[in-house]
Amino acid sequence: MNVRKILLDTENFAAVDQAFAEIETQPIACCNWPEKFPYTPKVAYKMFHTGEHLLLRFEVEERYTAARVTEDNGAVWTDSCVEFFVTPDDTGFYNFEITCIGRLLLGWRKSRNEGVVHATPEVLATITRYTTLPEEPFEEREGDNRWVVTLKIPITALFRHHLTTWDGAQMRMNLYKCGDNLSHPHFLSWRPIITESPDFHRPEFFETVVFEAK
């Protein structure tokens, strides 16, 4: 898969929206454990880059939504959460996890429980987040819940590496939607995961992507 490069002013929201309109939508729809977790909200993402930044947008339609976590690097996966896991090499991988109200966890790890390092507040501050929901936490709501989260990720957010641009980078990634502590927990992925129980921290199921250079 290739990720398009689009040159624009990332502070110009109309230009960013127009760029996203030109990007093909990718569903996050693999229900890998249907017998135990059959609930499947509708989730998709779009992605492009500018060289300096990666622009990533998640679009969610779900019946059950909660946002209880109040701080960054908290237990965001227990809320209505979307995730982007990526690795530039075989040393480990980064997990970007963000709630429907913009609370963000970023870590680097060799595996689920090995070599875990969380991003500092200074690194987290470089990642811009836009959400269509108010930022205040709330208990679970049932209804026709629709929300969008957009991330602007500088290449320097991959803080264990010394990369200078997304241009021409070849990486591996997977994307997810979860809500561990919702009344209807769910665990969806972009690319299939073949494990007995939910486990997103499995880079062997990531797909190779190339970030366009021009």
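**Buried residues, bridges and strands**

Trainee: Is Lys 152 buried or exposed?
Mentor: The relative accessible area of Lys 152 is 4%. Buried means under 20%, exposed over 50%, and partly exposed in between (1.4 Å probe, protein chains only). Lys 152 is therefore buried.

Trainee: What kind of model is this?
Mentor: Residues are numbered from 1 along each chain as its sequence is written, and side-chain values use heavy atoms, with hydrogens and water left out. Local features need pLDDT of at least 70, side-chain atom pairs count only at pLDDT 80 or more, and totals for chains, interfaces and linings use all residues, for this is a predicted model.

Trainee: Which residue meets Lys 152 in a salt bridge?
Mentor: A salt bridge puts a side-chain nitrogen of Lys or Arg within 4 Å of a carboxyl oxygen of Asp or Glu. For Lys 152, the N to O distance is 2.7 Å, and the partner is Glu 11.

Trainee: How many residues apart in sequence are the parts that Lys 152 and Glu 11 tie together?
Mentor: Strands (E, at least two residues) and helices (H or I, at least four) are DSSP runs numbered from the N terminus. Lys 152 is in strand E11, while Glu 11 is in the loop between E1 and H1. The pair therefore ties together parts separated in sequence by 141 residues.

Trainee: How many salt bridges does the count give?
Mentor: Lys 152 with Glu 11 makes a salt bridge. Arg 112, Asp 199, Arg 202 and Glu 204 are linked in a network of them. The count comes to 14.

Trainee: Which residue forms a salt bridge with Asp 167?
Mentor: The closest N and O atoms of this pair are 2.9 Å apart, and the partner is Lys 5. The pair links distant parts of the chain, 162 residues apart. Asp 167 is in the loop between strand E11 (138-154) and strand E12 (170-178); the loop between strand E1 (2-3) and helix H1 (13-21) holds Lys 5.

Trainee: Which residue pairs with Glu 61 in a salt bridge?
Mentor: Glu 61 is partly exposed, at 30% relative accessible area. The closest N and O atoms of the pair are 3.5 Å apart, and the partner is Arg 146. The pair links distant parts, 85 residues apart: strand E5 holds Glu 61, and strand E11 holds Arg 146.

Trainee: How many disulfides are there?
Mentor: A disulfide needs two cysteine sulfur atoms within 2.5 Å. The sulfur of Cys 178 is 4.4 Å from its closest cysteine sulfur, in Cys 81, which is too far for a bond. The count is zero.

Trainee: Which cysteine has the sulfur nearest to that of Cys 100?
Mentor: Cys 100 is buried, at 0% relative accessibility. It is in no disulfide. The nearest cysteine sulfur is 9.0 Å away, in Cys 81.

Trainee: Where does Ile 101 lie?
Mentor: Ile 101 is buried, with 2% relative accessible area. Its contacts (heavy atoms within 4.5 Å) include Ala 67, Val 69 and Phe 138, leaving aside residues up to four places away in sequence. It lies in the loop between strand E7 (93-99) and strand E8 (104-109).

Trainee: How many bridges join E7 to E8?
Mentor: Two strands pair if DSSP finds at least two bridges between them. E7 and E8 form a hairpin with four residues between them, and Gly 102 in the turn has a positive phi of about 95°. The strands run antiparallel, and the number of bridges is six.

Trainee: Which residue of E9 stands opposite Trp 108?
Mentor: Six of the six residues of E8 are buried, so the strand is largely enclosed by the rest of the structure. E8 pairs with strand E9 (residues 117-118) in the antiparallel sense over two bridges. Opposite Trp 108 stands Val 117.
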